[in-house]
Amino acid sequence: MNNQKLNAKDFILTGVLTALMWIICMIISMVMSVLGPVTMVFYPPVVAIPNGIVMMLLLAKVPKRGVLTICGVIQGLLFLVVGAFWFIPIALVLGGVICDFLIMSRKEITAKSMIAAYAIFNGIFTFGAIGPIKFLRTAYVAATAKNGVGQEYIDGLISITSVPMLIVIIAAGLLAGWLGGLLGQKMLRKHFIKAGLVSVK
Amino acid sequence: MEYITELIEKNIFCGTAVLDPRCKFLMLIFIGLASYFINGDLTGILLMAVLGIFISGGNGMKWAIKMMAVYLLISFLNTLLRYVAIHGLSVIMSVFGVTVLKIIPIVMAGRWILRTTCMDDLMVSLERAKMPQSVTIPMVVMFRYIPTLGIEYRMIRNTMQIRGICDTFWKKLLHPLTTIEYILIPLLMRCLKVTDELAASGTTRGLERVNKRYALHVVHFGMKEYAVMAGTVLFLGGMVFLDQTSIGTISLWR
């Protein structure tokens, strides 16, 4: 771990993989929010599973401080451009910073710490995406209703985000982050480490 | 030598397309923010029309007309489904229609910006705005890479089809994890390869330089840009304000 500073190659890799992650996230969230309020609430956990593979590759390839923060900032900016509720970018950036410190508080970055960081990052993202429906209800409902979304849909959203359900959703986010991380590690071992492209301790 | 200089100096973009990249991206962010608040039929169409005219002034006429047609069609269908109430379908369609209607202006402006901005100019202009390299390089690479991802994806699908892997809808639906693996892993392999090549080509051309950069094209946030920004802010503010008044509730399709 001598070379802690990020160089141009790391920046480029982060940019490319973040673009990929964001597109996967957009496609899945679009499909699931169209299907109905019940699936809409559960989109962050579903997104976490394919994104886990990408994120594990990114962390394995660039095990340095700042990667998660850059990733969170860029995804947050893109979410802002697309017109998401402003809570999501804040949660993404905060999650990135927290997970960066979590990973970097250790000397050696192992597969386990990567999975833990990804799970927490995803838990915070889930909270950022779903939390406002409960905690900033008036603002969120006003913004959504003004957008012309059907009243039935909003009622569905409100009734599904009671406090116990919210805990279940965030737990699902954490769990899905963990599962996505495990899947990512499995894929890394199966394809990338065998090909000699990356190495994980 | 003469020919090369001529080639470099010849600018294929004209009109609004030669505005400073910073100005264009700020515009995109403002449009994104405003599009979240503009919901009326009339105001939405007005926003699209003005944006379309603006884009037509800079090498984007065809694209603007295409997006405008799509917007009108979806707006019409969306309102139609609100009156012809089909249980279940109407709710789904309302969410879908609203999401698409929100995103169309952003996609329209975004693709136009991607098409008419040289990434070198973007890099220089972001650096002059005192952004750190850790933000500029991923940003620039990302904007460059998003269109490429589509091409890569199509190539992978073709290869899969030739070999008969996951070629039917049912196979995809029954084995979601396998499908993800088959699509994502080749894509990631490609990403790694492209990254290596890009990094080599970038560093040899001085991507990591920390000194001041110079650009062939004029990159300057001047009076024109300030005027455009002021116009954008005033127009979008006006639209949001109009949306609050009774004009926002006028329904165009009856």
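Biologist: In which helix of chain A does A:I53 lie?
Modeller: This is a predicted model, where local features need pLDDT of at least 70, side-chain atom pairs count only at pLDDT 80 or more, and totals for chains, interfaces and linings use all residues. Residues are numbered from 1 along each chain as its sequence is written, while chains are lettered from A and ligands numbered from 1 in the order in which they are written. Helices are DSSP runs of H or I, at least four residues, and strands are runs of E, at least two, numbered from the N terminus. The helix of chain A that holds A:I53 is α3.

Biologist: Which residues is A:I53 in contact with, leaving aside neighbours within four places in sequence?
Modeller: Contact means C-beta atoms, placed from the backbone, within 7 Å. On that test, the partners of A:I53 are A:L183, A:G184, A:M187 and B:L184.

Biologist: Which elements do the buried residues of α9(B) pack against?
Modeller: Helix α9 of chain B covers residues 176–204. Its buried residues include B:L184, B:L188 and B:C191. They pack against α7 (133–163) of chain B, and also against two helices of chain A, α1 and α3.

Biologist: How far does helix α9 of chain B reach from its first C-alpha to its last?
Modeller: The expected span of a helix is 1.5 Å times one less than its number of residues. For the 29 residues of α9 in chain B, 42 Å is expected, and the reach is close to that, at 42 Å.

Biologist: Which residues touch the most other members of the largest nonpolar core?
Modeller: A nonpolar core is a set of buried Ala, Val, Leu, Ile, Met, Phe, Trp, Tyr and Cys residues joined through C-beta atoms within 7 Å. The largest one has 83 residues. Beyond four places in sequence, A:L17 touches A:V54, A:L57, A:L58 and B:C191. The residues that touch the most other members are A:V16, A:L17, A:V54 and A:L57.

Biologist: Which element gives the largest share of the side of chain A that touches chain B?
Modeller: The contact takes 41 residues from chain A and 44 residues from chain B. Elements giving two or more residues to the chain A side include α3, α4 (67–82) and α8 (151–160). The largest share, 16 residues, comes from α1(A).

Biologist: How many charged residues are on the side of chain A that touches chain B?
Modeller: Asp, Glu, Lys and Arg count as charged; Ala, Val, Leu, Ile, Met, Phe, Trp, Tyr, Cys and Pro as nonpolar; the others, Gly among them, as polar. That side has 26 nonpolar and twelve polar residues, and the charged ones number three.

Biologist: Is B:K130 buried or exposed?
Modeller: B:K130 sits in the loop between α6 (119–128) and α7 of chain B. Its phi is positive, near 65 degrees, in a residue other than glycine. With 6 C-beta neighbours inside 10 Å, B:K130 counts as exposed.

Biologist: Which element of chain A has the lowest mean pLDDT?
Modeller: pLDDT is the predictor's confidence in each residue, from 0 to 100. Chain A averages 82. Helix α3 (residues 43–61) has the highest mean among its elements, 89, while the lowest, 69, belongs to helix α7 (residues 137–146) of chain A.

Definitions and conventions: Buried ≥ 20, exposed ≤ 12 C-beta atoms within 10 Å, placed from the backbone.
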